[in-house]
Each structure stands twice: as structure tokens, then as C-alpha cells.
Amino acid sequence: MSKPEEIIPKLKKDTIMSLLSKGRRIDNRALNEFRQLKVEVNVVERADGSALVSLGNTMVIAGVKAVLGSPYPDSPNEGAQIVNAELIPLASPVFEPGPPGEEDVELSRVVDRTLRSAKAIDLKELAIVPGRRVWHIYIDIYALNHDGNLIDASMLAAIAAAYTAKIPEVEVRGNGIKIKDEKVNLPVKDIPVTVTFAKIGNEIVVDPCYEEELVMDSRITFGIDSKGNICSIQKGLRGTFTIKEVIEAASLARELSEELREIIVKLK
Amino acid sequence: MILEDGRRVDGRRPDELRPTTIEVGILKNADGSALIRQGKNKIIVAVYGPRELHPRHLALPDRAIIRCRYHMVPFSVPERKSPAPTRREIELSKVIREALEPAVILSSFPRTTIDVFIEVLQADGGTRTASITAASVALADAGIPMRDLVTAVAVGKVDGTLVLDLNHVEDQYGDGDMPVAMMPSLGQITLLQADGNFTLEEFKRGLELAMQGIRRLYEIQKRALKEKYSSLALELRKGRS
Amino acid sequence: MPIFFKSGSIVLPGDVIAEGNYRASEGVTRTDNKYISLYLGILRIGKSGSLSVIPFKHIYVPEVGDIVVGKVRDVGVTSWLIDINSPYPAVLQLSEALSKPIDVTKVDLRQYLDIGDVIVAKVIEFDYLRDPMLTIKESRLGRVTEGLLLEFQPFLVYKVLESRLKLIEEVKSKLKCDIIVGKNGRVVVMGAKDRLLRVVDVLMMIFEDFSAGSTERIRKYISKLRD
């Protein structure tokens with residue numbers, strides 16, 4: 001049976017807001033509390049790296065694949081990092097089939113930016129023959145069950161998959177490259193995580209569940225690196241934040257990011 | 001050589017299935033769901049429906065329609081695959097749908113759609129048959145009335161020998177691949193395809209071999225579905241007063 | 001004339017339940033002289049030889065006369081679209097909601113029912129060709145202004161343990177509340193706020209506890225209830 005839902009003369013948003021004013025959320029969490037987090041790595045053994053993240057009931061899977069390719073012209077001595085996230089209809093009745101929409105793209109780019117700014121994947125170490133052959137690291141992220149906060153769940157899946165990924169060792173011989181059977185760790189030098197907040201009325205809560213996302217006015221995500229620096233920010237939706245709110249959120253994000261990072265570090 | 005000492009590359013005998021497990025109901029939003037592991041294959045299926053169909057003009061007045069999307073995630077295969085649907089995925093979506101349709105009592109829900117979403121997380125040959133096997137479990141989990149479950153397996157020919165449940169290597173380097181899907185209780189075939197070449201005799205024996213595999217997989221499907229509800233059923237039997 | 005399963009067993013789509021001369025009831029189909037299950041569910045063998053299967057997951061299809069608990073999903077100019085927990089969303093026409101005609105060019109329907117509102121309604125029309133139609137004009141129907149809304153799997157209780165539904169009447173009088181059980185798997189409970197949670201506890205027992213001796217336990221528990 002579902003949890004009893006209170007019937008009120010007005011919309012659900014008012015219920016959520018009146019609970020929030022008393023410091024409670026509909027799933028009994030504190031305002032700055034994350035849902036239970038579970039991370040499993042190597043779930044797709046044939047991928048170079050993979051992770052399945054459960055954040056409350058939200059489930060996301062990420063896979064890492066290293067592919068040999070040419071470097072981009074503006075960075076001849078570096079490998080490449082490509083992040084692709086998809087909100088597939090399997091995960092929710094509200095996702096429609098079809099090519100990636102603006103939400104899929106925003107999610108991909110926020111995860112990509114966070115990894116890049118934190119210099120998580122050391123692209124310089126991924127140049128095999130400078131100017132000619134480099135590793136392209138593909139991180140593909142798929143939502144499997146949507147119960148809110150796909151951003152943080154996707155970020156955790158991506159960094160967990162990358163952190164535990166192993167790519168083939170490569171030997172440069174004369175004019176050619178030999179891909180050996182041995183594997184080496186994907187060079188990951190930082191573990192950035194994101195912390196997302198939802199603003200509902202005047203209250204700000206962390207890690208919104210699906211019901212909270214339905215009534216939120218705006219959303220803000222902070223990417224925090226291992227040193228506690230902010231490496232990415234993304235505000236979303238139509239509402240607004242005051243300066244005070246944003247600074248408090250950033251500060252709280254730095255605190256909360258430590259617990260999330262601990263879980264990732266323990267994976268190796 | 002694929003076949004040595006009568007054993008295949010992965011050590012199986014010609015009539016041996018890969019180890020197979022099915023988990024039911026792992027996705028909370030979907031009305032029905034199943035995860036199948038068959039050898040290295042890992043495939044997740046979600047069923048949504050019957051539900052309203054948009055745009056409405058696609059709906060049929062006297063029955064439900066089934067929409068099926070078979071998709072492989074980019075990291076499911078050794079060489080990363082582009083996320084965009086390939087022609088193979090489009091064809092497989094169609095044949096999988098047609099393999100499931102005969103089993104579903106579509107007339108129970110006119111003007112609705114039953115959506116089947118298949119994501120291959122890891123592929124090692126025989127993904128279309130494993131998808132069908134998992135999808136029919138997900139449909140039953142969703143409470144959709146069916147004439148029978150649908151069970152599927154691929155039979156192939158390797159070094160002149162017929163083998164059951166092809167893996168990827170055997171499919172690529174063998175002499176034939178024949179996926180078969182059936183409604184086992186009714187004895188009706190709902191999917192049959194082939195490539196390579198088979199004599200008539202090989203074809204007949206291949207079908208027999210497929211049916212053996214299907215019978216075993218049918219038991220695995222049934223066990224998985226019953227397990228989900230066995231404690232509830234036990235309580236109901238004891239509590240009947 | 002064999003029956004291959006015991007009453008109360010789990011059966012699956014395609015399972016041959018029996019062969020011979022029986023009566024195929026809900027969830028069972030007959031081909032030749034074989035009786036086959038259509039669902040993943042519980043087999044019930046009735047006294048008169050009727051065979052039925054109760055699915056574990058029930059998909060609600062409305063029938064004329066059903067009392068349902070709906071949620072307003074959308075507001076139009078002359079009607080509301082209502083989610084009745086079914087593959088078929090229902091329509092509540094203005095004429096079936098208000099007894100007096102109003103001028104739709106001057107009045108917004110949201111004043112009467114807005115998105116998210118909960119209503120108890122009756123199905124007055126459904127023939128699969130068009131959306132089911134509802135009315136809230138009869139007594140005991142209408143918008144629910146205060147209370148609790150619960151969702152559960154209805155079929156198990158309706159079909160397996162009908163005796164339990166009678167217990168709900170007792171709960172109503174003992175705890176001085178109103179409980180409306182919709183055919184579509186939703187229940188509304190209305191009454192004094194301090195009692196509501198106790199009502200929810202009892203309902204959870206009625207709808208979810210099937211352990212050995214549970215019906216007796218529940219009967220005793222309810223008989224001891226005091227306001």
C-alpha cells in the first residue's frame with residue numbers, strides 16, 4: 001500500500017511547504033539530508049569501468065569505454081573525454097522515447113564540466129603518440145529509475161565508473177602502437193561530486209525526490225572537488241535565488257560533498 | 001577451431017545453455033520489470049502499461065498496441081557503440097514485438113498501449129532471444145493477461161555441429177544462427193529467423209534442440225515469477241478463513 | 001477429470017489448470033477441454049467447479065456503476081480530466097458536477113475543482129470507444145476536502161477475503177470516521193484528525209496482513225477498538 005497521502009483543499013505544494021516550514025520533508029528527511037546511497041562498481045564487466053548508483057529509489061548506471069582516436073586539433077597532446085547521458089523512457093512514465101532532449105544534454109554537460117574543471121581524468125596522460133593517437137574516454141550514463149535528483153546520481157555513477165576503470169596498457173613501437181593484454185588504471189586524479197538543491201517556496205532542500213521536484217521553483221547544483229573547491233555550478237528552472245541563499249548552499253555543498261566522496265574512495 | 005573435444009570455446013557441451021538467472025520487479029516506476037543474466041548477457045526490461053496512448057490517433061478501437069524499443073547501451077559491446085539507434089536495433093525492436101504480440105490478450109485493453117523497453121547493458125550473443133525471455137516475464141509481472149509466456153533461444157551451427165544458445169564468438173565465426181521464440185505450453189512459434197546455411201535435416205534437429213533449451217528456460221522464467229510472490233501466496237493460503 | 005493445482009497455488013499465464021468439465025471464470029480461459037490461466041496470480045477453485053485466477057497486480061478497468069476515488073489531472077473549459085488509476089482516464093462533465101448551469105465564459109472551472117483535488121465519483125458510462133464518464137451529483141459523491149488517501153492492490157481483498165470488507169463497517173462505527181473504498185484501488189478516510197492514523201493502521205492490517213490467523217486477529221483487534 002502506498003504511504004497515506006494527506007488530502008488538502010489546495011495543491012500538494014502547500015502540503016510540502018507547510019511540512020518544510022516545520023523542518024520536515026514528505027519522506028521524513030531533514031532539509032540537508034541525502035537519501036540512502038548505494039554504489040556498485042564493475043556491474044558490466046566488459047566495459048572498461050562501470051557503476052550502478054542507487055540514491056533512494058533513483059537508479060542510474062554509467063559505463064566507461066576507452067577508444068583509440070585522433071586528438072582534437074586544439075589539444076594535440078591530450079586525450080579526450082566525452083560524456084553522454086540519456087533519460088530513457090524505461091526509467092519513468094514522464095520520459096518520452098526519441099533523441100536526446102534539452103534535459104539529457106544539460107545533464108551530460110554538467111557532469112562533463114564538473115569532471116573537466118576538477119581535472120578528474122588526467123587527459124595529458126592519455127596521449128599515446130602526441131599529435132597522432134590518444135585515448136578517447138567515453139562515459140555513457142543511463143537513468144534506470146527516476147525518483148528525483150538524476151544530476152547527483154549521474155555524477156556519482158560517472159565518477160565511480162571512471163575511478164575504478166581500467167584501460168589497456170599501450171606500447172609505442174616505432175611507427176605503430178601495440179595494445180597489450182595488461183590493464184592499467186584510468187588516470188583519475190580527483191573525485192568531484194555534485195550536490196543539488198531544490199528551492200520550494202522559501203525553503204531549500206538537498207537531494208530532492210521526484211515529488212519535491214514536481215513542486216520546486218528552482219534548482220541549483222554545485223560541483224565540489226577533492227580540495228573542497230567549487231568546480232562547477234548550474235542553476236536550473238524558472239525561479240530565483242538570493243545571494244545569501246546561494247552562498248549558504250555552496251557552503252553546505254562543500255560539507256556534504258565529503259560524505260559522498262568517502263563512499264567513492266572506498267570503492268578501490 | 002571452435003569445437004575441441006566436443007566442447008565449445010566456453011567449455012559447454014553442444015546442448016548446454018549458458019547459466020541463466022532472472023530477477024523480477026527490480027524497477028519501481030515500471031508496471032513490470034525483469035533483469036536477465038545469461039552467460040555474459042545482462043539485459044533489463046521495463047513494461048509500462050496498458051496506458052493511455054499519445055497521439056490518440058495511433059490507438060486501435062478494439063485492442064491495445066504493443067510498442068517495443070530494443071536498445072544497446074554504448075558500453076555493452078567491446079567497441080563502443082554510438083547511442084543512436086542502428087538499423088539492427090530497429091529491426092530487432094520489430095521482431096521482438098512480433099514475438100510477444102501473439103501471447104498478449106490485446107483485446108482486453110482497447111485504445112491503450114503496452115510499452116516494452118529493453119536495454120542491453122552487456123551483450124554476448126543471443127540478446128534478442130534473451131530480451132524476449134525477459135520481456136515476457138516483465139509483461140506477466142505487470143499483470144497483463146497472456147495466453148502463455150514467451151521463451152526464446154538461439155541455435156547455431158559451429159564446425160558442422162548444431163549448438164544451443166550461441167554466444168557472440170560462435171555467432172560471428174560459426175556457420176549459422178537461428179533464433180527461435182515459442183509459447184511453450186501452446187507449442188506455438190512466435191519468432192523464427194536464420195542466417196548462414198542449414199540443410200533441412202539440420203533445420204529440423206535445430207528446432208528440436210531449440211525446444212529443449214526453451215523448456216529449460218521456461219522453468220527458469222516460472223521460478224523467477226513465483227519467487228517474487230511465494231511468501232504472499234503462503235500467507236494467503238494460511239490466512240484463508 | 002483432473003485439476004492440476006491446489007486452490008491457493010500460484011499460477012502463471014499458460015499454466016494448464018485442469019482438464020475436463022469445469023467452469024472458466026475470471027482470469028481463466030478454456031481451449032478444447034483445457035483450462036488455462038491468463039495471469040500471474042492465485043488460483044481459486046469454487047465449490048461449483050468454477051476456476052478463477054486472481055492476478056497479483058490488478059489493472060483497473062472501469063465498469064458502469066463503480067464508485068471510484070479520482071484525482072483531478074487537468075481542467076478544461078467544460079469538463080475535468082480525472083485520473084482513476086486506470087489505463088483509461090475519465091472525464092467529468094460540468095453538467096455532472098453542478099446542479100445549476102453556469103456561464104463558462106464568465107467562470108473558471110478551477111473554482112470548483114482544481115488539479116490535484118480528490119473526488120469520490122461514480123462511473124456512468126464506459127464502452128471502450130470513448131473515455132469513461134463520471135458523475136459526482138449523487139449523495140456521498142463529490143470533492144473530498146479533508147482526510148487521507150491510500151492506494152492498495154484491491155483485488156486480493158475483494159476476491160480472496162470478502163469477509164474483510166465487512167470489517168470496515170465496524171471500523172467506521174467504532175472510530176467514528178467515514179471510509180470510502182473505491183473499486184479502483186483507492187481509499188479515502190475522513191474524520192477527526194487525531195483518529196486518522198489509527199484508522200490507517202487498521203486498514204493496513206485489513207488490506208495487507210495475510211499471515212496465518214490474521215483475519216481472526218483483525219476481527220479481535222477491531223472488536224476492542226474504542227473511540
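Predicted model: local features only at pLDDT ≥ 70, side-chain atom pairs only at ≥ 80, totals over all residues.

Me: OK, at what angle do α2 and α4 of chain C pack?
Reply: Helix α2 of chain C, residues 162-174, and helix α4 of chain C, residues 214-223, pack at an angle of about 15°, and their axes are 10 Å apart. With the limit for roughly parallel set at under 35 degrees, α2(C) and α4(C) are therefore roughly parallel to each other.

Me: And is that crossing left-handed or right-handed?
Reply: The crossing in which α2(C) passes α4(C) is left-handed.

Me: Which residues make that contact?
Reply: From α2(C) the contact uses Ser163(C), Arg164(C), Leu167(C), Glu170(C), Val171(C) and Lys174(C), while α4(C) supplies Thr215(C), Ile218(C), Arg219(C) and Ile222(C). Sorted by class, the residues in this contact of α2(C) with α4(C) are four nonpolar, two polar and four charged.

Me: Staying with chain C, what domains is it divided into?
Reply: The assignment divides chain C into domain 1 (10-55), domain 2 (67-144) and domain 3 (148-223). Between domain 1 of chain C and domain 3 of chain C, the C-alpha centres lie 29 Å apart.

Me: Switching to chain B, how many helices and strands does it have?
Reply: Chain B has four helices and 10 strands, and read from the N terminus on, its elements follow the order β-β-β-β-α-β-α-β-β-α-β-β-β-α. The radius of gyration of chain B is 18 Å, close to the 18 Å given by the globule rule for 241 residues, so chain B is as compact as a globular protein of that length. Taken along the principal axes, the C-alpha atoms of chain B fill a box of roughly 60 × 50 × 35 Å.

Me: At what angle do α1(B) and α2(B) cross?
Reply: The axes of helix α1 of chain B, residues 87-100, and α2(B) come within 10 Å and cross at roughly 45°, and that makes α1(B) oblique to α2(B). The crossing of these two helices, α1(B) and α2(B), is right-handed.

Me: Which residues meet there?
Reply: On the α1(B) side they are Leu92(B), Val95(B), Ile96(B), Ala99(B) and Leu100(B), and on the α2(B) side they are Arg128(B), Ser131(B), Ile132(B), Ala135(B), Ser136(B) and Leu139(B). By class, the contact of α1(B) with α2(B) has eight nonpolar residues, two polar and one charged.

Me: How many residues of chain B and chain C are in the contact?
Reply: The contact takes 36 residues from chain B and 26 residues from chain C. On the side of chain B that touches chain C, the elements giving two or more residues are β3 (41-52), α2 (127-141) and α4 (200-239) of chain B, and α4(B) gives the most, with 12 residues. By class, this side of chain B has 17 nonpolar, seven polar and 12 charged residues.

Me: Last one, how many helices and strands are in chain A?
Reply: Chain A contains five helices and 13 strands, and its C-alpha trace spans about 75 × 40 × 35 Å along the principal axes. In chain A, helix α2 (residues 102-117) and helix α3 (residues 150-163) have axes that come within 10 Å and cross at roughly 50°, which makes α2(A) oblique to α3(A). The crossing of α2(A) past α3(A) is right-handed.

Me: And which classes of residue make up that contact of α2(A) with α3(A)?
Reply: Leu107(A), Val110(A), Val111(A), Thr114(A) and Leu115(A) of α2(A) meet Leu150(A), Ile151(A), Ser154(A), Met155(A) and Ala158(A) of α3(A). This contact of α2(A) with α3(A) has eight nonpolar, two polar and no charged residues.

Conventions
Residues numbered from 1 in each chain as written. Chains lettered and ligands numbered in written order. Contact = placed C-beta atoms within 7 Å. Nonpolar A, V, L, I, M, F, W, Y, C, P; charged D, E, K, R; others polar. Axes fitted to C-alpha atoms, helices over the stretch in contact; angles between N-to-C directions. Parallel < 35°, antiparallel > 145°, perpendicular 65-115°, else oblique. Left-handed = near helix turned anticlockwise from the far one by under 90°. Domains from an automatic or database assignment. Rg over C-alpha atoms; globule rule 2.2 N^0.38 Å.
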